[in-house]
Amino acid sequence: MNINLLHDKGIALDRQRFTWKEMVGKPISKLDDDAFTRVRVVLMNGIESDSIRTKQTALRMNLPLREKLAQLMRAEQHQETCINWLLGPDHSPLETTIAYEQVAIEVTASIAQLEPDAYQSQSYRYALLEDFDHLYRYAALLDRLEGKDANNITQGYTDIIPGRPTLVHHRAPEHELTEPYARDAALGTKLHALTLVSGEYQTHDYYMHFGPTFADPVARQLYAEIASVESQHITHYGCMLNPEESLLEKLLICEANEVWNYAACAQQESNPRLKALWERFLDYELGHLQLARQLFQDVERRDPAEVLGDGALPPGIRYESQREYVRRVLADEVSLRKNGTRFVPESEEGTSSLAYREGINADGSPSEMVSAAFHWTAGTELVRKDPRQERLRA
Amino acid sequence: MQSTRFGANRTGARMSPLNTSSMAALADEASPETHIGTPVMDAAKVAFATEAEAIGSVPPPLSLKGVAKAGMAALKGGAPSVFVDKLGERLAFERSGTRLYEALIIKHQAAQQSGSEALPPAAEALEALPGVRVLLEMLAEDPLATLMRIRNEELAHFQMLGDCLQRMGGDPTAMTPSADVAGVATGGILQVVTDPRTTLAQALTAMLSAEVTDQAGWELLEILARDVGQPDLATLFHGALEQEQEHVAIIRSWLAYLLSREAGTAAV
């Protein structure tokens, strides 16, 4: 796909139209579509959601830009609706949660490998092992609460075993921070960080929204616990963004990020209907980028090439199982901890995190209790010998 | 609406044998065979349940004045609050049931427009189902008319219960705890029937759960009415029960008919 971020015009904003019927199209099949189709749907919902969040923040800070921002957000609101409504209503909130964690694992693993900056890549691998553990804990909950196998959702692409235990993810806020990328970092580096902060944001918001809808008290606790970690991840990834970028620079990166993401989706989509949707939205985003470039030039009097380089699209996310990479990271880095912005051996973890953890886990750990002796098995753990049944027989 | 058939279902472990055997080997390595037990989680759940507050309360009678004789004050034995709670539950269930039948009528129309014969007259389906005892005279009416009639009977049950509650000094617009819980339980049925992708047979399967529950609900309410010394109400409720028994028989027989006679059509 030959895209140039400096020159391609896409579809002009005033030609980006929607109807309610089109926005609420046919959902994907939970059973028949490839798991990576759902991964793309979940991620792109997060990307659109964060793009709107960025613009709403900009709207609060800039009077002259408001009309343009409102125009961009109208299109993006409806793009996000098209995407989010692709998830069929037969996904229970817990099944969708499994999908969210698969996104976090597979997308983060791909980005960690694409990232040229060693520190940034380490930051991705660190949070990757935490989301990897969340999948295991939620898989235990899905099995034990709803009697379902998480692998019906993840379709064999993603391992379901413990990672860095969720129990130890809880850190003091000062140890949640990371170093930002340099202002002149490679464009890909900027897009990677923005993509992952977008993904974590929507995951956190999803857990905060659906956690209280569960009746089961342990499910309610598990969502509370993991939502707290996702909140930490938003800070972790959010800190990777450069705080010295101007508002319009952030807008430009945001639009470039959407182009970059839709291009990877369009290239790799196996469902023809969705492939057409990704291609259409890729053209829409090029239209948005064109407007962002214009504003950057007119308002800041700066050349978009300062941010977008030669306009070439950095290599995109690979939508395929990252199993072998994740296993290597797990073997090598599961014992790492945080101290300030540094990744350190377990023995050097920031002491305020230990104190914080002692307090917050004082009444028990939801993630530990839900997954006690949980061993993922195809078809759920009831396929294994059930001790309760054994007792009845005896 | 499309028929249910073999296709590219990707959910099973056998769809990706190499991947899943690799996953299983890793899971074996990461978590050695151990006794499956969740005593800490179980204890936590027991503690939550022990400490939990009620879903809510039953609304007290609006006024005891003027309704004392016919109203809750006349209830004997048992706890009047339980009777009112269950009346509220049936009322809410019948009201939701009316909406469920409206959704089922749409599903029936969609099946017809997708090229299926959809449902036969109830009489034909009842004849075809071995073991079903026909409770009423054969229903030769058009299936849509049957669906509308059942829908209207659910509505009439809702209205009848509203009148009962009103006469007893209760508030038929209030949501009682059991009404709330019944709404949660019915939520999944509503999701199935209103999903445009589900077939008529899948919707009928969900409706069968609703109707069997409804039938048992009326049986219970009739007993409760006698327990609290309200034989007139018990007679009324028995009339509703007979209609619900007919609903169960019709839904069961339609479902059996579709699965055995209409396989491969959009309705199944």
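1. T380(A) is placed in the loop between α14 (366-370) and α15 (387-393) of chain A. Its phi is positive, about 85°, although T380(A) is not a glycine. The residue counts as buried, at 8% relative accessibility. The model is a predicted one, and the backbone angle at T380(A) should be read as a property of that prediction.

2. R301(A) also has a positive phi without being a glycine, in this case about 55°. It belongs to the loop between α10 (272-300) and α11 (305-308) of chain A. R301(A) has 69% relative accessibility and so counts as exposed, whereas T380(A) counts as buried.

3. On chain A as a whole: the chain has 15 helices and two strands. Its radius of gyration is 21 Å, close to the 21 Å that the globule rule gives for 394 residues, so chain A is as compact as a globular protein of that length. Taken along the principal axes, the box filled by its C-alpha atoms is roughly 80 × 50 × 35 Å.

4. Of the 394 residues in chain A, 61% are buried. Among contacts in chain A with a separation of 6 or more, 86% are between residues 24 or more positions apart. The chain exposes about 15,300 Å², and 53% of this is supplied by carbon and sulfur atoms.

5. Helix α7 of chain A covers residues 187-210, which is 24 residues. From first C-alpha to last it reaches 35 Å, close to the 34 Å expected at 1.5 Å a residue. How many of the residues of α7(A) are buried? The count is 19 of the 24, so α7(A) is largely enclosed by the rest of the structure.

6. Helix α3 of chain A runs over residues 66-84 and has 19 residues. At 1.5 Å a residue it should span 27 Å, and the distance of 26 Å between its end C-alpha atoms agrees with this. Its buried residues include L69(A), L72(A), M73(A) and A75(A). The list of buried residues also holds E76(A), H78(A), Q79(A) and E80(A), as well as T81(A), C82(A) and I83(A). What covers the buried residues of α3(A) includes α1 (20-23), α2 (35-61), α9 (247-268) and α10 of chain A.

7. C82(A), one of the buried residues of α3(A), has a relative accessible area of 5%. Which cysteine sulfur is closest to that of C82(A)? It is the sulfur in C265(A), at 14 Å, which is too far for a bond. A disulfide is a covalent bond between the sulfur atoms of two cysteines. In chain B, C164(B) is a buried residue, its relative accessible area being 1%.

8. A219(A) is found in helix α8 of chain A, residues 217-238. With a relative accessible area of 0%, A219(A) is buried. Apart from neighbours within four places in sequence, A219(A) is in contact with L141(A), L145(A) and F214(A). As for F374(A), it is 155 residues from A219(A) in sequence, and the two C-alpha atoms are 15 Å apart in space.

9. Turning to chain B, helix α1 spans residues 17-30, 14 residues in number. The buried residues of α1(B) are T20(B), M23(B), L26(B) and A27(B). Seen down the helix axis, these buried residues fall within an arc of 125°, so they line one face of α1(B). The face turned away from the buried side carries the exposed residues L18(B) and E29(B). The cover over the buried residues of α1(B) includes two helices of chain A, α6 (151-154) and α12 (323-333).

10. D214(B) lies in helix α7 of chain B, residues 200-227. Is D214(B) buried or exposed? D214(B) is buried, at a relative accessible area of 1%. Leaving aside neighbours within four places in sequence, its contacts are R90(B), F93(B), E94(B), E154(B) and E244(B).

Definitions and conventions: Residues are numbered from 1 along each chain as its sequence is written. Chains are lettered from A and ligands numbered from 1 in the order in which they are written. This is a predicted model: local features need pLDDT of at least 70, side-chain atom pairs count only at pLDDT 80 or more; totals for chains, interfaces and linings use all residues. Side-chain values use heavy atoms; hydrogens and water are left out. Helices (H or I, at least four residues) and strands (E, at least two) are DSSP runs, numbered from the N terminus. The expected span of a helix is 1.5 Å times one less than its number of residues. Buried means under 20% relative accessible area, exposed over 50%, partly exposed in between (1.4 Å probe, protein chains only). The arc is that of the directions from the helix axis to the C-beta atoms. Contact means heavy atoms within 4.5 Å. A disulfide is a pair of cysteine sulfur atoms within 2.5 Å. The radius of gyration is taken over C-alpha atoms; the globule rule is 2.2 Å times the number of residues to the power 0.38. Accessible areas come from the Shrake-Rupley method with a 1.4 Å probe; for residues, only the protein chains shown count as cover.
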